[in-house]
Amino acid sequence: MSPLLSAQGIGKTYGTRTGCRDISFELHAGEVLAIVGESGSGKTTLLRCLSGHIEPTVGRVSYRMRDGRVLCLTDMSEAERRLLMRTDWGFVHQDAREGLRMGVSAGANVGERLMAVGARHYGNIRAAAEDWLARVEIPGERVDDSPWAYSGGMRQRLQIARNLVTEPRLVFMDEPTGGLDVSVQARLLDLIRGLVRRLNLAAIVVTHDLAVARLLSSRMMVMQQGQVIETGLTDQVLEDPQAPYTQLLVSSVLQV
Amino acid sequence: MDTVLRISGLQKSFTLHQQGGVTIPVFNGLTASISSGEAVAVTGPSGRGKSSLLKLVYGTYRASHGAIEVRHEGSWKDIVSSAPHEVLEIRKKSIGYVTQFLRVIPRVPAEMIVAEPLLERGMDEDKALDRARGLLSRLGIQERLWHLSPMTFSGGEQQRVNIARGFAAQFPILLLDEPTASLDAQNRERVLDLIAEARKGGSAIVAVFHDAAERQRACSREISLT
């Protein structure tokens with residue numbers, strides 16, 4: 001099976017400043033890849049290039065569509081790219097407010113994604129929304145509440161439900177547990193792990209937290225100053241790090 | 001019996017960049033081959049690389065040179081040169097690894113940790129949990145603990161959960177790192193029974209045992225690291 005997503009020589013510069021450069025890798029169906037590195041290492045820039053939010057200065061991102069065609073992101077029409085982002089892809093932002101529509105109810109946030117792909121029957125949409133809220137452990141009586149009335153952890157779970165309702169094959173996550181209490185974080189991580197396995201989702205997760213990467217991902221990419229300095233299986237990178245910077249990163253984690 | 005694991009010319013050294021770039025050599029040309037149904041003990045003084053050898057076979061450590069070939073779905077695959085997604089496939093179906101300590105995940109119940117390797121292979125959840133519970137009960141983990149995260153379990157209980165997880169999927173190759181270390185006599189017996197059964201079922205076992213008597217009971221020969 002050919003890879004689901006493939007990046008070739010991705011680079012992004014802002015004037016003379018480098019966001020990221022010369023990044024190539026392949027992601028297969030069902031794989032979870034963690035991109036780790038400290039703030040400013042280019043993780044988020046790379047994620048935004050891969051997910052079509054910004055256009056890379058150089059390089060190509062290609063994606064295997066549901067019908068088997070492999071298309072380059074930049075060759076797609078705007079309409080095709082939008083459809084892809086609304087159906088086959090999800091994007092979970094660190095700040096749930098960026099990924100949710102805060103002005104409408106929780107149920108509508110989930111239902112809206114379905115309507116965007118053509119669902120019209122209100123009863124079905126509502127049922128799907130309720131089903132997904134239950135799967136992310138949001139009680140049914142909160143379905144009509146505004147996300148403003150939700151806690152940070154609930155908002156993040158709502159954002160995940162909104163993204164997964166269209167059964168995407170690939171989800172991009174930018175620090176999905178950043179800014180949450182550790183207890184809330186544990187619950188969210190457990191939820192994401194379960195969903196990834198049950199739905200055979202592929203995911204690219206940006207995080208600066210090596211423990212989060214260990215829990216969620218099977219593969220890891222370490223970034224420093226805009227470049228990928230080490231890649232491998234997650235246990236490989238964490239237990240047998242090769243690059244000096246990765247060794248520093250791994251040995252700097254505090255033991256509880 | 002058929003050979004299922006072939007190690008040839010294995011070299012491994014660690015370079016510690018944070019400690020002045022000192023290099024620690026561990027293996028320099030190790031060669032071994034292991035067949036299904038046999039259990040091989042890795043022996044040698046502490047710090048000689050017994051656990052490292054298991055980690056190299058599992059792909060957790062990257063070999064500097066050489067090949068580690070495993071029998072996977074009827075053909076030979078080299079762990080050292082396989083792409084990450086291929087190594088994951090090999091781990092899913094062909095190699096199991098019981099580490100010295102259980103990696104506990106918050107909120108995930110013991111029975112789920114044990115069932116996970118089966119679920120990853122696509123087994124139905126009810127069936128996987130059935131097998132998981134059977135193993136937990138065989139290893140003397142009380143039923144009231146099955147639904148709890150092993151976070152608060154004793155060291156011995158955690159290790160038994162870990163062992164149950166390792167044996168759940170009946171891997172053709174099974175790596176065991178001190179599987180009996182933190183167990184009492186009764187539970188040690190249970191683990192030795194599981195090993196004997198796995199061998200009868202055709203699994204090849206590579207194990208590190210602290211205890212010489214247990215090693216002799218469980219294993220048919222040794223790879224001696226001197």
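Colleague: How many residue pairs are in polar contact across the interface of chain B and chain A?
Modeller: Bear in mind that this is a predicted model, so the pairs are counted where both residues have pLDDT 80 or more. With that rule, the residue pairs in polar contact across the interface of chain B and chain A number 16.

Colleague: Thanks! Which element gives the most to the side of chain B that touches chain A?
Modeller: The elements of chain B that give two or more residues to this side are β1 (3-16), α1, α2 and α3. Among the contributors, the top place, with five residues, goes to α2(B).

Colleague: And by class, how many residues on the side of chain B that touches chain A are charged?
Modeller: That side has twelve nonpolar and six polar residues. The charged residues there number nine.

Colleague: How much area do chain B and chain A bury between them?
Modeller: The contact involves 27 residues of chain B and 28 residues of chain A. In chain B, B:Gln18, B:Arg62 and B:Arg107 lose the most area to chain A, together 30% of what that side buries. Carbon and sulfur atoms hold 48% of the area buried between the two chains, and the total is about 2300 Å².

Colleague: Nice. Which residue of chain B meets the side chain of A:Arg197 in a salt bridge?
Modeller: Side chains of opposite charge can pair when their charged atoms come close. The rule finds nine salt bridges across this interface. For A:Arg197, the N to O distance is 3.5 Å, which lies within the 4 Å cut-off and therefore counts as a salt bridge. The partner is B:Glu116.

Colleague: How many residues apart are A:Arg219 and A:Glu31?
Modeller: These two form a salt bridge, with the closest N and O atoms 2.8 Å apart. A:Arg219 sits in strand β9 (residues 219-224) of chain A, and A:Glu31 in the loop between β2 (17-27) and β3 (32-36). The pair thus links distant parts of the chain, at a separation of 188 residues.

Colleague: Let's turn to open space. What is the volume of the largest pocket?
Modeller: Its lining has 50 residues, and those nearest its centre are A:Ser218, B:Leu88, B:Arg91, B:Glu120 and B:Arg165. Both chains take part: elements that each supply at least two lining residues include α7 (182-199) of chain A and α5 (155-168) of chain B. By class, the lining has 19 nonpolar, 15 polar and 16 charged residues. The volume of the largest pocket is about 1900 Å³.

Colleague: Last one: how much space lies in the largest cavity?
Modeller: The whole structure holds one cavity of 30 Å³ or more. In chain A, α6 (152-164), β7 (170-174) and α7 each supply at least two residues of the lining, which includes A:Ile160, A:Met173 and A:Leu195. The lining divides into nine nonpolar residues, one polar and no charged. The space in this cavity is about 60 Å³.

Notes
Residues numbered from 1 in each chain as written. Chains lettered and ligands numbered in written order. Predicted model: local features only at pLDDT ≥ 70, side-chain atom pairs only at ≥ 80, totals over all residues. Heavy atoms only, no water. 1 Å grid on protein atoms, 1.4 Å probe; cavity = no way out; pocket = protein on both sides within 12 Å on 5 of 7 lines; lining within 4 Å. Points joined across faces, edges and corners; volume = space filled by probe spheres on them. Helix = DSSP H or I, 4+ residues; strand = E, 2+ residues; numbered from the N terminus. Nonpolar A, V, L, I, M, F, W, Y, C, P; charged D, E, K, R; others polar. Contact = heavy atoms within 4.5 Å. Buried area = accessible area lost by both parts, 1.4 Å probe. Polar contact = N/O pair within 3.5 Å; in protein donor to acceptor, adjacent residues only side chain to side chain.
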